Amino acid sequence: MPTLATKRVSPHTVRHTTAVHLLRAGVDINTIRAWLVHVSLDTTHIYAEVDLEMKAEALARVDNSSLGPPPRHPSLPWLMAFRKAR
């Protein structure tokens, strides 16, 4: 990749990128922990952060067709009065 020539790629960057790619490929977090040679899953979570694309894919898999419209919040006259007083 020619664009990498101008970037600093540290061992930390390689570990983080690998962990994210493994996570996106569906590898379970405990396997990633072992691959990174971490004692604690807490440490692995630093490297294996879920990115926005993964969050969007997870939401797309949720079937919410059986849910009705969201509940309406009741009117709160005391809150409106408080806001107008400010």
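Predicted model: local features only at pLDDT ≥ 70, side-chain atom pairs only at ≥ 80, totals over all residues.
Figure 1. Of the 86 residues, 13% count as buried. As for charge, there are 11 positive and 7 negative side chains. The centres of these two sets lie 13 Å apart.

**Figure 2. The overall fold, helix by helix.** Let's step back to the whole chain. The protein has five helices and zero strands, and reading along the sequence gives the pattern α-α-α-α-α. Its radius of gyration is 22 Å, whereas a compact globule of 86 residues would have one near 12 Å. Taken along the principal axes, the C-alpha atoms fill a box of roughly 60 × 40 × 35 Å. Among contacts with a separation of 6 or more, 44% come from residues 24 or more positions apart.

Figure 3. Helix α3 covers residues 41–47, and Thr44 is found in it. Is Thr44 buried or exposed? With a relative accessible area of 0%, Thr44 falls under the 20% cut-off, so Thr44 counts as buried. Which residues surround it, once neighbours within four places in sequence are left aside? Thr44 is in contact with Ile29, Ile32, Arg33, Leu36 and His38. With one of these, His38, there is also a polar contact: the side chains of Thr44 and His38 come to 2.9 Å.

**Figure 4. Val37 and its backbone angle.** Here the view moves to the loop between α2 (29–35) and α3, where Val37 is found. Most residues other than glycine have a negative phi. Val37 is not a glycine, yet its phi is positive, at about 60°. How much of Val37 is accessible? Its relative accessible area is 70%, so Val37 counts as exposed.

Figure 5. Arg24 has its place in helix α1. Its relative accessibility is 36%, which lies between the 20% and 50% cut-offs, so Arg24 counts as partly exposed. Which residues does Arg24 contact, leaving aside neighbours within four places in sequence? They are Asp51, Glu53, Met54 and Glu57. Take Asp51 as an example: Arg24 and Asp51 are 27 residues apart in sequence, while their C-alpha atoms are 9.0 Å apart in space.

**Figure 6. Asp51, seen from its own loop.** Asp51 sits in the loop between α3 and α4, the latter spanning 52–61. Asp51 is partly exposed, with a relative accessible area of 25%. How far is Asp51 from Val20 in space, C-alpha to C-alpha? The distance is 8.2 Å, although Asp51 and Val20 are 31 residues apart in sequence.

Figure 7. His16 is found in helix α1, which runs over residues 11–24. With a relative accessible area of 25%, His16 is partly exposed.

Notes. Residues numbered from 1 in each chain as written. Heavy atoms only, no water. Helix = DSSP H or I, 4+ residues; strand = E, 2+ residues; numbered from the N terminus. Rg over C-alpha atoms; globule rule 2.2 N^0.38 Å. Buried < 20%, exposed > 50% of the residue type's maximum accessible area, 1.4 Å probe, protein only. Contact = heavy atoms within 4.5 Å. Lys, Arg positive; Asp, Glu negative; His and termini not counted. Charge placed at Lys NZ, Arg CZ, Asp CG, Glu CD. Polar contact = N/O pair within 3.5 Å; in protein donor to acceptor, adjacent residues only side chain to side chain.
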